[in-house]
Structure formats: C-alpha cells, structure tokens
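Please look through the structure below with its aromatic rings in mind.

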Amino acid sequence: MRLFHLLLIGLLLLAEPCLATGLTGESISPAVPDARLAAELFQSAEPVTVVRDETGVPSWTVFKDGRMIGAIGSTWEIAGSIGYSGRPLDVLVAIGLDARIAGARLMQHNEPVLTLGLSDEDIARYVDAYAGVDLRAERASMLEPQSDLPDVIARATVSTGVIRDGILRTAHTLSVARELVGGSGVDRLGFEPADWPSLLASGTLVQKRVTMDEAAAALRGAKVPVAPGPGNFLDLYTGIIDPPTVGRNLLGQHLYTSVIGSLGPGDTALAVLSGGLHSHRGTKWRRSGAFDRLTIVQGTTRVVPKEADYIFVKKLSIDNAPQLKEMSVFRIGPEIDATKPFRIEVTAERPGAGGTAATMVVSADYTLPKAFHAVPPMETEPLWREIWTAKMPATVFVAMMLVALALVLLFQESIVRRKKLWLVGRLGFLSVTLLVLGWGLNGQLSVVQVVAFIHSLLTGFRWETFLIEPVIFLLWSFVALCLLFWGRGVYCGWLCPFGALQELLNFAAQRLGVKQIAVPQALHERLWMIKYTAFVAILALSFYSMHDALVLAEIEPFKTAISLRMIRAWPFVLFVVAILAAGLFIERFYCRYLCPLGAALAIPAKLKIFDWLHRRSQCGRECRLCETKCTVGAIDPIGRINPNECVLCLRCQVIFNDPTTCTILKRRVRPTAQPSTAAASKGDKP
C-alpha cells in the first residue's frame with residue numbers, strides 16, 4: 001500500500017506542471033465566436049462581422065452592414081463560470097441593442113450529468129430557451145421559476161443552475177458595459193491599464209493619513225493613551241471602483257466582474273483600503289451587522305454600510321500598491337450619488353478617564369473624476385447562497401443525519417452490546433440513507449468529485465465550486481473529518497446509498513435462504529486491485545481528457561441506480577442489475593472489488609487517529625467467527641481488521657460482545673464441576 005501511495009503522489013507531481021502550463025488536453029481559453037456562429041446567435045441571414053473588444057468588459061462586437069447589432073460575451077471569461085466538476089463551463093451569450101438576450105450556445109463543459117445523463121438535444125433546448133430574455137427585468141433569484149426563463153432541469157439542478165447563473169450574469173454585465181440599461185451614471189465601459197501611483201494621480205483613489213502623533217493628540221483623554229510616534233495610526237485609501245480602469249486594475253477581472261454583477265440598479269461599489277494601527281472595519285459588525293466605524297456622508301444623507309453590503313478582498317491585483325492591512329469593498333445604494341462629491345468618515349474611539357469617550361473622526365473627501373462620469377445589473381445573491389437557501393430543509397435533515405451517525409459511532413460500545421438495537425438501528429439508518437439521502441436528495445458521492453477536488457487544488461481552489469451543492473458539501477465535509485477519526489467506513493458503511501441498497505438486498509436474500517459464496521482469501525485480496533487500478537486510471541485519464549475520465553467513471557453504478565433512478569439506457573441498467581445480482585451471493589460485492597470511490601477513501605484511511613474496534617488476543621487463532629461474518633471480508637485469517645477495507649458496520653463488535661455468540665466468551669462462562677459434587681457423584685454409583 002505504501003508503494004501505491006508513492007505512485008499516486010508521483011502521478012500528481014508529474015501532472016502539476018502540465019496543468020500549470022495548460023497542457024491538460026483541455027483548453028481553458030474562452031470560446032471565440034466566428035461570423036457563422038454570431039449570425040446564428042442573432043438569427044441573421046445576412047453576413048455579420050465580429051470584432052474583438054478588450055476595453056472594459058472583454059467581449060466581441062457584432063456588426064451587420066457596418067452597423068452594430070449587439071455584443072457577445074463568454075461566461076468563462078466574464079463570470080468565471082465553474083461547473084460542479086470543478087472545470088470551466090463556457091457559454092457564449094449574445095445581447096441585442098434592445099437589452100435582450102439574442103441567443104446562447106454552450107461551448108465547453110465537463111459536467112458528468114450533461115455528458116452522460118442528458119442528450120445533446122436536451123442541453124441545446126435548455127440553452128436556446130434564453131433567447132428573448134429581457135435584461136431590464138428585476139430578478140430576485142437565479143433559481144426560482146420565472147415566466148421568461150427556462151426552469152433548471154431536475155436531473156441536473158446544479159449544472160443547469162450554473163449555466164443559468166453564468167448566462168444571466170454575463171448578459172447583465174455586458175448590458176451594463178454597453179450602456180443598454182440605466183444605472184448610476186458611472187462609466188463602466190472604458191478601460192486602460194494602470195498601476196497604483198497612476199490611480200492616485202488621477203484622483204480615482206484618494207488618501208488620508210493620520211500619524212500616531214496626530215492620533216495621540218486627538219485622543220489625549222483616553223484611559224489607555226495612544227503612543228505617539230512617526231508611524232501610521234490610519235493610512236486610508238478610498239474611491240469608487242465601478243470604472244474598469246479602477247476596479248479591473250485593482251481587483252482583477254473575475255473579482256471585478258463579481259462585484260459589478262452583485263450590484264442593483266443605482267448601486268455603486270466603494271473600495272476602502274487601509275493600513276496602520278486602526279481598523280476601518282473593527283469587530284462589532286460581526287455582532288451588529290453594521291460597520292459603525294465607517295460612514296458615507298453626502299449632504300444630509302449619512303449611510304453606515306451593512307454586512308450585506310460588504311465584500312472581502314484578500315489581495316489586490318494592481319502593481320506598486322503599498323502595504324495594506326485591510327481591504328474592503330462596500331456596495332453603496334442610490335441614496336448616494338456617485339457622480340457628486342461625498343465624504344468617507346472613519347471613527348476612532350477610546351474609553352475616557354472620566355467615563356466619557358475620547359473620539360476622533362478621520363475624513364476623506366472624494367469626487368469621482370469627470371473622465372469616469374458616463375450602470376449596474378440586477379441585485380442577486382451568489383448562486384451557491386441561493387441554492388443553500390432553497391435547499392435549507394434538505395440541508396437541515398442531512399445535518400441531523402450526520403449528528404445522529406456521529407453519536408452512534410461515539411457511543412458504539414453501548415449499542416453493540418444490544419444486538420437487536422444494533423440490527424434495527426443499522427437497517428433503519430441504511431433505509432433512510434437509500435430512500436431519503438439517495439433517491440430523495442441525490443446525496444450520492446462519486447469518484448468524479450474526488451478527481452474534481454484534486455484538479456481544483458492543482459489549478460486554483462475555489463470554494464464556490466463545492467458550495468453549489470449543499471448536501472454533497474455537508475457529506476464531504478463530514479467524511480473528510482471522519483477519515484481522521486474512524487477511516488473510510490463512515491461513508492462506505494453508513495452514508496453511501498448504493499452501499500445501503502446492496503446491504504439491504506443481501507439481508508433480504510439471506511433471510512430468504514440464498515446461499516452465500518465464500519471467496520477464498522487469496523483471491524479476495526487480489527480482487528482488491530481492481531478498484532485501486534480503476535481509481536488511478538480515472539485520475540490519470542482526467543489529466544489528459546476529463547470527458548474520457550467521466551466515461552471511465554461509469555464503472556460507478558451510482559448515477560444510474562441512485563441519481564437517475566434506473567431511468568437510463570438499457571446497457572447502464574443491465575450493468576447495475578448484474579452488480580446487485582452478484583451482491584445477493586457475495587455481500588457488498590461492488591464495494592469489495594470494484595468501487596473506485598472506496599479506493600480513493602481508503603488511501604487516507606491510514607491517517608486515522610483512533611482505533612475504535614476492539615480485538616482479543618484469541619481472535620484469529622482460537623476463533624474466526626468475526627472473519628466469516630464480516631460484511632466486506634476486511635478481517636484477515638489471523639484476526640486483524642484492515643482499515644482500508646472496513647466499512648465500520650460494527651458487526652464484529654456485536655459478535656465480540658455477545659456471550660451467546662463469541663466462542664471466547666462462551667468458554668469463559670462455561671460451568672465447571674465442583675469437587676464435592678463430583679465425589680458425591682462417584683459415591684452414588686452402584
């Protein structure tokens with residue numbers, strides 16, 4: 001197994017430079033529309049001309065007879081659309097001068113359900129249905145059914161939800177940049193490369209600096225005085241970042257697009273950046289939901305930003321920026337006119353010696369330069385937040401399941417001493433796993449998600465990729481934590497719907513008298529190689545072609561049996577039926593020998609901290625009952641439990657603690673004849 005681990009690590013190290021240089025066999029460049037495709041998107045019979053436009057929001061301008069008829073944008077380039085596979089999901093979106101979507105075309109994806117679960121016609125009809133959508137209409141949610149939008153496809157809720165989100169955000173960003181919808185009066189089209197000094201020189205960012213000496217003088221009455229000195233008490237930079245010359249240079253294209261796409265009609269985005277001792281954010285906002293240290297003032301209007309208006313910035317993309325401690329972007333509503341002068345106030349307050357507070361207000365006056373006077377899209381939550389809100393009941397139910405399972409595993413010793421309680425509890429939990437978690441909530445993990453996670457780590461991890469499916473995210477989070485405590489068995493033995501289906505069918509088969517097949521130990525251990533080989537093959541192939549890797553991942557019957565509920569082409573259904581039929585004679589046949597997901601989870605199983613399964617020195621030598629009863633054959637002939645194969649069903653622990661089953665315990669309680677009784681018996685003989 002160590003050799004296998006080293007081989008896998010070597011594979012990842014070899015793949016990393018390949019991914020870094022983009023030589024994965026899959027392009028991550030945005031699709032480029034040619035004249036024929038542009039004519040189809042705009043439903044034009046006449047020839048059209050497509051011209052690339054790198055200013056502002058990168059896109060293509062489409063001309064017909066020398067007259068502009070609209071623009072085309074890429075969801076990957078503008079919105080950074082990432083599918084649930086962790087790979088780019090690129091749709092070309094065309095908008096007309098009437099602020100409507102003229103057409104859309106799916107150009108690139110690696111979504112498993114779109115690759116093998118839906119027909120190309122299904123996908124084409126779904127994407128084509130966005131033609132005619134009015135971009136001026138307000139939309140509170142990307143996911144809720146709306147009269148002018150196609151509903152997400154039930155069998156591919158996440159993937160088609162990402163497509164919907166990318167199409168609408170890209171179209172609105174384009175319509176804003178092209179000034180097709182009304183807004184704040186700030187130019188969001190023109191773009192020129194700029195560094196930090198040039199932004200300060202142009203007045204798009206203003207600075208206000210307060211030294212420690214100045215702060216010490218202003219807060220003289222504080223109980224804990226500010227130590228004077230030449231350093232910065234507050235070095236504040238602020239400005240409107242809606243113009244691409246400011247925002248795109250400052251934040252980078254993807255974060256800038258995300259900020260602009262989150263604005264509502266009349267909103268603008270204000271950057272507040274600071275260094276020095278004093279924080280412009282403070283900590284009270286986490287409890288109160290309001291940034292009480294910060295106030296935007298325009299005339300008699302005073303606005304205190306709320307938590308919902310706040311966007312955290314981890315780092316800036318611009319060159320020659322100073323050392324900053326805090327970087328924030330705040331959404332400002334239409335009550336502040338960004339085209340007119342306003343003031344940003346940062347309050348510093350210290351408890352005073354006489355019970356009163358010593359206060360200082362640092363003010364920075366800001367006026368948007370005339371060059372940037374000229375328009376923001378709909379106000380929407382990020383897609384993953386909408387999905388979590390929409391699936392809150394399912395999320396709560398899964399969280400309760402996970403808590404219940406954690407309690408079972410933590411207090412397993414009390415449960416396994418009660419054989420009937422364990423059996424009823426296990427069968428009940430597996431039934432819930434299959435019926436509710438699997439068929440009801442589609443909570444089936446897959447090796448595809450493992451591969452997507454590895455690719456994400458190598459190419460740039462994004463939480464949004466994994467947060468868009470809350471049930472799967474909760475399951476993976478719980479499984480990752482439990483790998484440290486209990487090993488792979490937590491998922492494979494309790495939370496895998498297909499594993500539950502196999503075990504329940506085998507339980508029924510045994511009750512009906514179906515004779516079980518005992519696989520010889522030597523053959524049993526050699527058959528393990530199949531699932532590990534399958535996992536390595538899928539992972540290795542994914543670095544060459546994710547599509548081919550998804551095809552190979554069809555060794556998993558999960559999609560057919562659980563996600564699509566056997567509503568699929570007959571070869572897939574026949575494959576599932578064959579596996580389940582084998583499982584009637586060999587318990588958990590698929591889990592034992594074929595499951596690449598189980599192999600992937602088994603690799604870190606060696607890292608588990610605790611060993612919760614008890615054994616006796618006699619196990620495997622004087623008694624081999626647990627070995628013969630093990631669900632997956634994880635106990636070897638000398639009584640050792642292999643953590644790479646154990647599914648933590650606790651059956652061996654029930655036998656271990658049952659004085660009527662365990663031969664060791666039977667021997668300990670066997671009555672012995674007393675000497676006096678034996679003598680009396682001899683004396684009674686005639």
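What follows is a short briefing on aromatic pairs and on charges over rings.

This is a predicted model, in which local features need pLDDT of at least 70 and side-chain atom pairs count only at pLDDT 80 or more, while totals for chains, interfaces and linings use all residues. Residues are numbered from 1 along each chain as its sequence is written, and side-chain values use heavy atoms, with hydrogens and water left out.

**Aromatic pairs**

- Rings of Phe, Tyr and Trp (its six-membered ring) pair if their centres lie within 6.5 Å, and planes under 30 degrees apart count as stacked, over 60 as edge-to-face and the rest as tilted; by this rule there are 15 aromatic pairs.
- The pair of W388 and F473 is edge-to-face, because the ring centres are 6.0 Å apart and the planes stand at 70 degrees.
- This pair links distant parts of the chain, with W388 in helix α12 (residues 383–390) and F473 in helix α18 (residues 470–485), 85 residues apart; helices here are DSSP runs of H or I with at least four residues, numbered from the N terminus.
- Both W388 and F473 are buried, a term that means under 20% relative accessible area, with a 1.4 Å probe and protein chains only.
- F498 and F558 form a tilted pair, with 5.8 Å from centre to centre and 55 degrees between the planes.
- F498 counts as buried at 0% relative accessibility, and F558 is buried with a relative accessible area of 4%.

**An aromatic cluster**

- W285, F291, Y310 and F330 together form one aromatic cluster.

**Charges over rings**

- A charge sits over a ring if NZ of Lys or CZ of Arg is within 6 Å of the ring centre and within 35 degrees of the ring normal.
- The charged end of R248 sits over the ring of F191, 4.0 Å from its centre, and R568 lies over the face of F572, at 3.8 Å from the ring centre.

Notes
Helices (H or I, at least four residues) and strands (E, at least two) are DSSP runs, numbered from the N terminus. Buried means under 20% relative accessible area, exposed over 50%, partly exposed in between (1.4 Å probe, protein chains only).
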